[in-house]
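This briefing covers the charged side-chain pairs of one protein model. Please keep the sequence and structure at hand while reading.

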Amino acid sequence: MVKPTITIGGVTHEIKTLTGKDWRILGEFINADIQAKSADYLEKHAEFIAHFFDGVTADDILNLPIGDIMPLYSAIQRYFTQSISTKLEEISKNVPTDGAA
């Protein structure tokens with residue numbers, strides 16, 4: 001599974017270790033349903049993205065080429081999904097079965 005990275009000022013930052021709180025932040029962001037026509041659309045996404053990288057601010061994200069911002073948001077969402085799917089697979093493989101169906 002490829003971890004999302006971002007390069008700011010020549011320094012590459014890797015997504016931080018995800019926590020349960022981060023999952024809540026993702027869910028709340030998705031449920032906010034921020035519309036592309038909203039004036040603060042990119043700013044909201046930049047704040048969201050910056051949250052997942054230590055030492056990166058929303059302004060750092062907004063200073064990236066505009067074509068790089070939304071793909072980074074999508075990469076974070078994919079990473080979340082892959083992380084949870086992988087962990088659920090591990091758990092299901094380790095759950096003892098009693099033979100009952």
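**Salt bridges in the model**

D40 and K44 form a salt bridge, with 3.9 Å between their closest N and O atoms. The model is a predicted one. Its salt bridges come to a count of 4, and three of them are described here, including the D40 pair, the R24 pair and the D22 pair.

**D40 and K44**
- The 3.9 Å separation counts as a salt bridge because the cut-off is within 4 Å.
- D40 is partly exposed, at 30% relative accessibility.
- K44 is also partly exposed, with a value of 34%.

**R24 and E28**
- R24 makes a salt bridge with E28, and their closest N and O atoms are 3.2 Å apart.
- Both residues belong to helix 1, which covers residues 20–32.
- R24 and E28 are 4 residues apart, about one turn of the helix.
- R24 is partly exposed at 41% relative accessibility, and E28 is partly exposed at 46%.

**D22 and K16**
- A salt bridge joins D22 to K16, with the closest N and O atoms 3.8 Å apart.
- D22 has a relative accessibility of 2%, so D22 counts as buried, the limit being under 20%.
- K16 has a relative accessible area of 22% and is partly exposed.

**Background**
- Side chains of opposite charge can pair when their charged atoms come close.

Notes. Residues numbered from 1 in each chain as written. Predicted model: local features only at pLDDT ≥ 70, side-chain atom pairs only at ≥ 80, totals over all residues. Heavy atoms only, no water. Salt bridge = Lys/Arg side-chain N within 4 Å of Asp/Glu carboxyl O. Buried < 20%, exposed > 50% of the residue type's maximum accessible area, 1.4 Å probe, protein only. Helix = DSSP H or I, 4+ residues; strand = E, 2+ residues; numbered from the N terminus.
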